[in-house]
Amino acid sequence: MEHLEYFIAIVEEKNLTKAAQRLFITQPSLTRYVNKLEEEYGVKLLDRAKLPISLTPEGSLFLQEKLKIETTELNLRKRLKQMAQSREKITIGTGYSRAGFWLPQAVETFARRYPDMDLGITTCGELKLPGKLLSGEIDVAVGAFSL
């Protein structure tokens, strides 16, 4: 059973009628929600014997853990969405003098062949390319140099 916002509204308002008004639902519906929730967990979560309504120790633990679960769920959804939207990236490192000759045609061919992959290009002096390759700054080095 979900609707954690119902439970939070009750805790914040300390009154079922005010919480129901805030949530735009009827007070009997909110009472049924609390009864089902307490039945589901087998403990009293709220002390409703007197006003203002307060959390029982079990209710406090319930709220604390449910908020952790909710946060974890939101983070999971965010990470999964990022993974689904992220694209692989390859970074090519090339020397200044060679890039103008072969790079435009290579980029065009690469983009057609791998449309879901991002291509990054870094130009620098050819003597710097081996270091950038070894450090992981670039994935591929194109130039005239000795390893």
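This is a predicted model: local features need pLDDT of at least 70, side-chain atom pairs count only at pLDDT 80 or more; totals for chains, interfaces and linings use all residues.

User: Which residues of helix α1 are buried?
Analyst: In helix α1 (residues 4-13), the buried residues are L4, Y6, F7, A9 and I10. Buried means under 20% relative accessible area, exposed over 50%, and partly exposed in between (1.4 Å probe, protein chains only). Helices are DSSP runs of H or I with at least four residues, strands are E runs of at least two, and both are numbered from the N terminus.

User: What covers them?
Analyst: The cover includes α2 (16-23), α3 (27-41), β1 (46-47), β2 (54-55) and α4, where contact means heavy atoms within 4.5 Å.

User: How many salt bridges are there?
Analyst: The count is 9 salt bridges, each being a side-chain nitrogen of Lys or Arg within 4 Å of a carboxyl oxygen of Asp or Glu.

User: Which partners does E38 have?
Analyst: E38 forms a salt bridge with K44 (3.4 Å, N to O) and one with R48, with the closest N and O atoms 2.8 Å apart. Because E38 lies in helix α3 and R48 in the loop between β1 and β2, the latter pair ties together parts that are 10 residues apart in sequence.

User: Is E38 buried or exposed?
Analyst: E38 is buried, at 6% relative accessible area, whereas K44 is exposed at 52% and R48 is partly exposed at 27%.

User: Turning to the sheet, what is the strand order?
Analyst: The order is β4-β3-β5 in an open sheet of 3 strands with parallel pairing; two strands pair if DSSP finds at least two bridges between them. The edge strands are β4 (117-124) and β5 (140-142). Strand β3 (residues 88-95) is joined to β4 by 8 bridges, and E88 has M117 as its bridge partner in β4.

User: Finally, how exposed is L80?
Analyst: L80 is partly exposed, with a relative accessible area of 48%, and lies in helix α4 (residues 57-85).

How values were computed
Residues are numbered from 1 along each chain as its sequence is written. Side-chain values use heavy atoms; hydrogens and water are left out.
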